[in-house]
Amino acid sequence: MKQNLWINGIIVETKSYRPLSNPFTGEKIAEVAEASKEDVKRAIESAAEAARVMAEMDAHKRADILRKVADYIQEEREECARLISEESSKPLKAARAEVDRTVMTYTFASEEARRIHGETIPMDAAPGGEGRVAYTVREPLGVIAAITPFNFPMNLVAHKVGPAIAAGNTIVLKPASQTPLSAYKIASYFHKAGLPAGALNVVTGSGKSVGDVLIDDERVKKVTFTGSPEVGKYIRENAGLKRVTLELGSNSALIVDEGTDLSKVMPRIVMGAFSNQGQVCISIQRIYVHERIADEFVSLLVEESGQLRVGDPLDEETDVAAMISAGDVNRAKSWIHDAVENGAELVFGGESEHQVLKPTVLLNVRSTDKVSCEELFAPVVHINTFNDFDEAIDRVNESKFGLQAGVYTKDLQKAFKAARRLHVGGVMINDIPTFRVDHMPYGGVKQSGTGREGIKYAIEEMTELKLVAFKLD
Ligand code: NAP
């Protein structure tokens, strides 16, 4: 299959194509277009030309297009899930869950499209403001460049395209090179739903070469990026005066206090640590367990991890499949090796076969080991103990990242203290940090990024607030 570019409502061929392989089987699944600089410029030009049409489109029409896209995805749920699974090696049951969330994300975008509004301002509250009526409106920014990662190739595209269209913007989307097919599929649904030509363009190619054109071009008013902190920093430093939203990585932590019903919470903890091979920005990487329940916790975690089915992502029973690249398997294994050299205990997993790294559990890791202080992005979790709840909070906060944190405790005072003191974008009390539904505000502090997604919140960042003031005689 040859996958061409999508520019100005038509399929566009280019000079160069790159083979795309299934990470689990290694088989070639497509030849994907590598956009030239001119192709990317053409996509920006199309988006700029469509900006006025989109800005003038009525809210109910934008809402209808988004709802239709949600319906089309729902109708082709299985096909979409298989596409995600083939290009990213996401186990089929997780891929189906991603498709269901994508339907929700576009549904929320459709609903929010109808709710974008400003407010009236009581101008006479200030001396000199008497005799005036003023209100605010939210206007679209124009062209938005969206750059997305491989790990949720359909839903994280939806978190950018959904709010952008809801607010009347146009988009040039650059999906991850390993997972472009689901993004092109979404473009075909928007086309079928009646989105004007040029309002959504998809260009593939190397992140740096496509990214640099997008970041550089004056017609692009905002860059919304989800991906690694290194690339996020590069974008921030080079985007000039453009608005920038950065949804970056983390080494998310979970605190488990004494009194927690371990057999009840363990299936959820295992899911949070290992689903999608740990390649989730809020995957559980660090666990701090109260020392009184630590032995029971470790044995239950190991037992539950042993139940996971490892293998072919297209097998209905598979829980953990291949990582996105061989390089990532090697990186994770070398970090595990270093931690063990430094005194950590490997109690489960650690081995790999082809590109599949088995779920891995480490104990007593030093906070300076890479498996702890860097983003691991692999099916590896480690457990350390605490005896003082404040100390556990301090350990979580030691991180240079701060996306979400989870706390299991029966003590209301401790729960409130954790909510107040944890320096992260979201605190999940009595749940894992991996919890997310698609309308909640979502984003990080510190090196986990700036700005928030979650449709309503993304729309705020994808619109300009304009004040209109009338002076009355
Ligand atoms: P990545 O390597 O940073 O790539 C993300 C996107 O950026 C890809 O489309 C990539 O293109 C592109 N890119 C690479 N270099 C670029 C450059 N110089 N300029 C502009 N764009 C560039 O991240 P990934 O490996 O796909 O995804 C994993 C990361 O995403 C993790 O750190 C994870 O935590 C983070 N993430 C965060 C969230 C969140 O909401 N906070 C959600 C999911 C994932 P190529 O594919 O062509 O290189």
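**View 1. Arginine 395 counts as buried, because its relative accessibility is 19%.** Here buried means under 20% relative accessible area, exposed means over 50%, and partly exposed is what falls in between (1.4 Å probe, protein chains only). This is a predicted model, where local features need pLDDT of at least 70, side-chain atom pairs count only at pLDDT 80 or more, and totals for chains, interfaces and linings use all residues. Residues are numbered from 1 along each chain as its sequence is written, and side-chain values use heavy atoms, with hydrogens and water left out. Arginine 395 sits in helix H13, residues 389-397; helices (H or I, at least four residues) and strands (E, at least two) are DSSP runs, numbered from the N terminus. Leaving aside residues up to four places away in sequence, arginine 395 touches Arg286, Tyr288 and Asn384 (contact is heavy atoms within 4.5 Å).

**View 2. Glutamate 78 reaches arginine 96.** Glutamate 78 belongs to helix H3 and counts as partly exposed, because its relative accessibility is 30%. Who does glutamate 78 touch, not counting residues up to four places away in sequence? Its partners are Leu92 and Arg96. With Leu92, 14 residues apart along the chain, the C-alpha to C-alpha separation is 9.2 Å.

View 3. Domain 1 covers 2-248 + 448-471 and domain 2 covers 253-438, with bounds from an automatic or database domain assignment. Their C-alpha centres are 31 Å apart, and 30 residues of domain 1 contact 28 residues of domain 2. About 2400 Å² is buried between them, 55% of it from carbon and sulfur atoms; buried area is the accessible area (1.4 Å probe) that two parts lose on being put together, summed over both.

**View 4. Charged and polar links at the interface of domain 1 and domain 2.** The rule finds 3 salt bridges across this interface, each a side-chain nitrogen of Lys or Arg within 4 Å of a carboxyl oxygen of Asp or Glu. Residue pairs in polar contact between the domains number 13, both residues at pLDDT 80 or more. On the domain 1 side, helices H3 (77-88), H4 (92-113) and H5 (155-166) each give two or more residues, and H4 gives the largest share, 6 residues.

Terms used
A polar contact is a pair of N or O atoms within 3.5 Å; within protein, one must be able to donate a hydrogen and the other to accept it, and residues adjacent in sequence count only if both atoms are side-chain atoms.
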